[in-house]
Amino acid sequence: MVELRKRKAPAEAAPAPPTKKSVGTAAASKTKDSGADKKSAVANGLSSKTAVAAGNTITLDGFGGEIETNDGEKTTLKKLVEKSKAGVVLFTYPKASTPGCTTQACLFRDQFTPLTSTGFSIYGLSRDSPKSNTTFKTKQNLPYTLLCDPSASLIGAIGLKKAPSGTTRGVFVIDKEGKVLAAEPGGPAATVEVVSKLISEGGDAVDADATEKVDDAAEGSKEEQKIEEGKPVSETAEPATKTNGTAEEKKEDVAQAEVAADVADSAKIIDDIPPV
């Protein structure tokens, strides 16, 4: 009698190792995404080799993207610099026609002649619409153009965008060669003082940590406090007078007034949001 033996079932084949092609495809995809991110950053003036800080030089081609004047004209920072005699001053503000922003705009208005005496062109910059900025400019009789940047492309490029969708009050100054002379946040009076100090020193880069608040800045803080308290404010601030307070006390007064201005601006912005 013949004995029949069962055959053993063949072992399951091991899964094939990933091919070089798939690995290469994944790497290529990653490289492609990285390249796209770099292109996007460069388009907004944010390349890793370009730091927006006083003393550094930036490439103006494509820097900050396209913006619009309050009159509806499309422009760029490069065009504004080319149009100027010595360079451009941009002061940023959170929202047109709010208390702190009005104080800041009027301080630049009242100091417009001395601040532009060496050839710098002054512009206000915010995320407001052309209509809002035109109303603001007309009501406050501002002698300079207001720039509209709803996507915050330029505001972000100069380092003054506030997450998630706000604007940090500050100032940015650049000369004809693309050298950054000032780039820092600050209150209404402080932003004007940065430019005033820059002009008086003949256009040397301003170090934010070395900027001092002088009597004009202290006087500006008094005007800001009047606005927050609902008191009438003169169209043109009177010359500052000497006080017996120390420099540190003056700095503290200015800082407190500027914080109050920003709080008032934030409250006004919240009030303007329509109910759901």
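Which strands does helix α7 lie across, and at what angle does α7 run to β8?

1. Basis. This is a predicted model, in which local features need pLDDT of at least 70 and side-chain atom pairs count only at pLDDT 80 or more, while totals for chains, interfaces and linings use all residues. Residues are numbered from 1 along each chain as its sequence is written, and side-chain values use heavy atoms, with hydrogens and water left out.

2. Helix α7. Residues 188-200 form helix α7, which lies across β3 (87-92), β4, β8 (170-175) and β9 and runs at about 25 degrees to β8. Helices (H or I, at least four residues) and strands (E, at least two) are DSSP runs, numbered from the N terminus. Axes are lines fitted to C-alpha atoms, for helices over the stretch in contact, and angles run from 0 to 180 degrees between N-to-C directions.

3. The sheet. Seven strands make an open sheet of mixed pairing, ordered β2-β1-β5-β4-β3-β8-β9. Its edge strands, β2 (74-75) and β9 (180-185), each pair on one side only. Pairing requires that DSSP finds at least two bridges between two strands. Strands β1 (residues 67-69) and β5 (residues 145-148) run antiparallel and are joined by two bridges; E68 stands opposite C148 in β5.

4. Helix α5. Helix α5 (residues 130-140) packs on the sheet, where it touches β1, β4 (120-126) and β5, and its direction makes about 160 degrees with that of β5. Contact means heavy atoms within 4.5 Å. K137 is found in α5. Not counting residues up to four places away in sequence, K137 touches N70, L142, P143, Y144, T145 and L146.

5. Helices α3 and α7. Helix α3 (residues 99-110) packs with α7 at an angle of about 25 degrees, and their axes are 8 Å apart. The two helices are therefore roughly parallel to each other (under 35 degrees; over 145 is roughly antiparallel, 65 to 115 roughly perpendicular and the rest oblique). From α3 the contact uses G100, T103, Q104, L107 and F108, and from α7 it uses P188, A189, T191, V192 and V195. By class, these are six nonpolar, four polar and no charged residues (nonpolar: Ala, Val, Leu, Ile, Met, Phe, Trp, Tyr, Cys and Pro; charged: Asp, Glu, Lys and Arg; polar: the others, Gly among them).

6. Aromatic pairs. The count comes to five, taking rings of Phe, Tyr and Trp (its six-membered ring) with centres within 6.5 Å; planes under 30 degrees apart are stacked, over 60 edge-to-face and the rest tilted. F91 and F108 form a stacked pair, 4.3 Å centre to centre with 5 degrees between the planes. Because F91 lies in β3 and F108 in α3, the pair ties together parts 17 residues apart in sequence.
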